[in-house]
Amino acid sequence: MTQLIDPFGRAVTYLRVSVTDRCDFRCVYCMSEDMTFLPKAEILTLEELDRVASAFVRLGVRKLRLTGGEPLVRRNIMSLFRSLARHLGTGALDELTLTTNGSQLPRFADELADLGVKRINVSLDTLDADKFAAITRWGKYDKVMAGLAAAKAAGLRIKINTVALKGVNDEEFDDLVAWCGDEGYDLTFIEVMPLGEIGEGARLDQYLPLSLVRARLQERWTLEEIDLKTGGPARYVRVKETGGRIGFITPMTHNFCEGCNRVRLTCTGTLYMCLGQEDAADLRAPVRSSESDEPLNAAIHEAIARKPKGHDFIIDRRSHQPAVGRHMSVTGG
Ligand code: SAM
Ligand code: SF4
């Protein structure tokens, strides 16, 4: 089938799908406490999400990641996983995975593993239950720990995503590295990004460059460079003492766009060709206007032809405005 090649010669082989903008947590860097969520009519049904994702698979996408909001709080979400898993069976898809806050994994871990999900990303910024409550506002630490245990027992490989937050979790990085080593989890640190309005000044206060995180980790651990290509923007090292891997995602300090192979679909059917740019394409109209996939395929091709070379994130010190107005929970992390 026709490959999706952007104007800079990059093949688009990875689609992230935000299946809902809702969440059972209210992480301080991601959402305001009183978020207004989208009306149901604007949200693609599970069948429509399947149609769009499957169109991408036919056009050469090899990896699908469901995210959100919290993907596992969308009602009947397992039916979408089940139908998308058919592409694993045919060999059209290499990987079906998700990013989750872990709260619903006690319910769903076994089923995900049965469907052919092999590894998952679980977001966790702290091992301190009180801090966890402060960061997530509504999250339950014990539930996430139970979710991780369920995922491990189901045989899922786990990568922990940790947002580095100055003055919040920066004393804990060594503990996280040691804990991930013990549990057999990979770990990725993420720099806080200027996405969505969350309250004045908050982002500047939280921003902690990963170059500093790495330098600090090196005081305690031996970090060995490894050449691991995951198709993602993270750079990886191996921790000699634990054997575990650590990734660093540094959108703010390092231009990670060069090898970008991904695009993002929101739950309303809007396709973002770059996390850090406003340009987007509406795929909901072609899906709803016709039972044929022709208009949808055409809209996808047209969008990929507009994929920009890269982002230009800055945390603007004068205006304190986010570089991009939409929240991460809308675009999908
Ligand atoms: N609810 C799921 C979760 O938390 O894993 C999936 C969606 S969440 C938006 C995806 C990832 O984005 C999480 O790892 C979260 O920590 C991260 N994230 C959210 N807002 C962010 C921001 N402003 N800067 C950097 N990472 C952010
Ligand atoms: Fe929810 Fe994930 Fe955003 Fe936290 S980071 S509020 S868990 S979507």
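Which polar side-chain atom lies 3.1 Å from an oxygen atom of ligand 1? Select tyrosine 29: the atom belongs to its side chain. That is a polar contact, meaning a pair of N or O atoms within 3.5 Å (within protein, one must be able to donate a hydrogen and the other to accept it, and residues adjacent in sequence count only if both atoms are side-chain atoms).

Before we go on, some housekeeping. This is a predicted model, where local features need pLDDT of at least 70, side-chain atom pairs count only at pLDDT 80 or more, and totals for chains, interfaces and linings use all residues. Residues are numbered from 1 along each chain as its sequence is written, chains are lettered from A and ligands numbered from 1 in the order in which they are written, and side-chain values use heavy atoms, with hydrogens and water left out.

**Stop 1: ligand 1**

Now select serine 123, where a polar side-chain atom sits 2.5 Å from an oxygen atom of ligand 1. Glycine 69 uses its backbone instead: an N or O atom there is 3.0 Å from a nitrogen atom of ligand 1. Taken alone, ligand 1 exposes 550 Å², and the protein buries 96% of that (areas come from the Shrake-Rupley method with a 1.4 Å probe; for residues, only the protein chains shown count as cover).

Show everything around ligand 1 and you get 19 residues, counting a residue if one of its heavy atoms lies within 4 Å. They split into seven nonpolar, nine polar and three charged. Here Ala, Val, Leu, Ile, Met, Phe, Trp, Tyr, Cys and Pro count as nonpolar, Asp, Glu, Lys and Arg as charged, and the others, Gly among them, as polar. β3 (95-100), β5 (157-164) and β6 (186-191) each supply at least two residues of this shell. Those labels are DSSP runs numbered from the N terminus: helices are H or I with at least four residues, strands are E with at least two.

**Stop 2: strand β3**

Select 95-100. Six of the six residues of β3 are buried, so the strand is largely enclosed by the rest of the structure. Buried means under 20% relative accessible area, exposed over 50%, and partly exposed in between (1.4 Å probe, protein chains only). Glu95, Thr97 and Thr99 point one way, while Leu96, Leu98 and Thr100 point the other.

Leucine 64 stands opposite leucine 96 in β3. β4 (residues 119-123) also pairs with β3 in the parallel sense, over two bridges.

**Stop 3: ligand 2**

Which residues are around ligand 2? Pick Cys23, Phe25, Cys27, Cys30, Met31, Gly69 and Asn101. By class, that makes five nonpolar, two polar and no charged residues.

**Stop 4: strand β9**

Jump to residues 245-249. Four of the five residues of β9 are buried, so this strand too is largely enclosed by the rest of the structure. Four bridges join β9 to β6, running parallel, and leucine 187 stands opposite isoleucine 246. With β8 (residues 235-239), β9 runs antiparallel. β8 and β9 form a hairpin with five residues between them, and glycine 243 in the turn has a positive phi of about 80°.

**Last stop: a loop**

Finish at asparagine 76, in the loop between β2 and α2 (77-84). Its phi is near 65°, a positive value in a residue other than glycine. Is asparagine 76 buried or exposed? At 52% relative accessibility, asparagine 76 counts as exposed.

Methods. Pairing = 2+ DSSP bridges.
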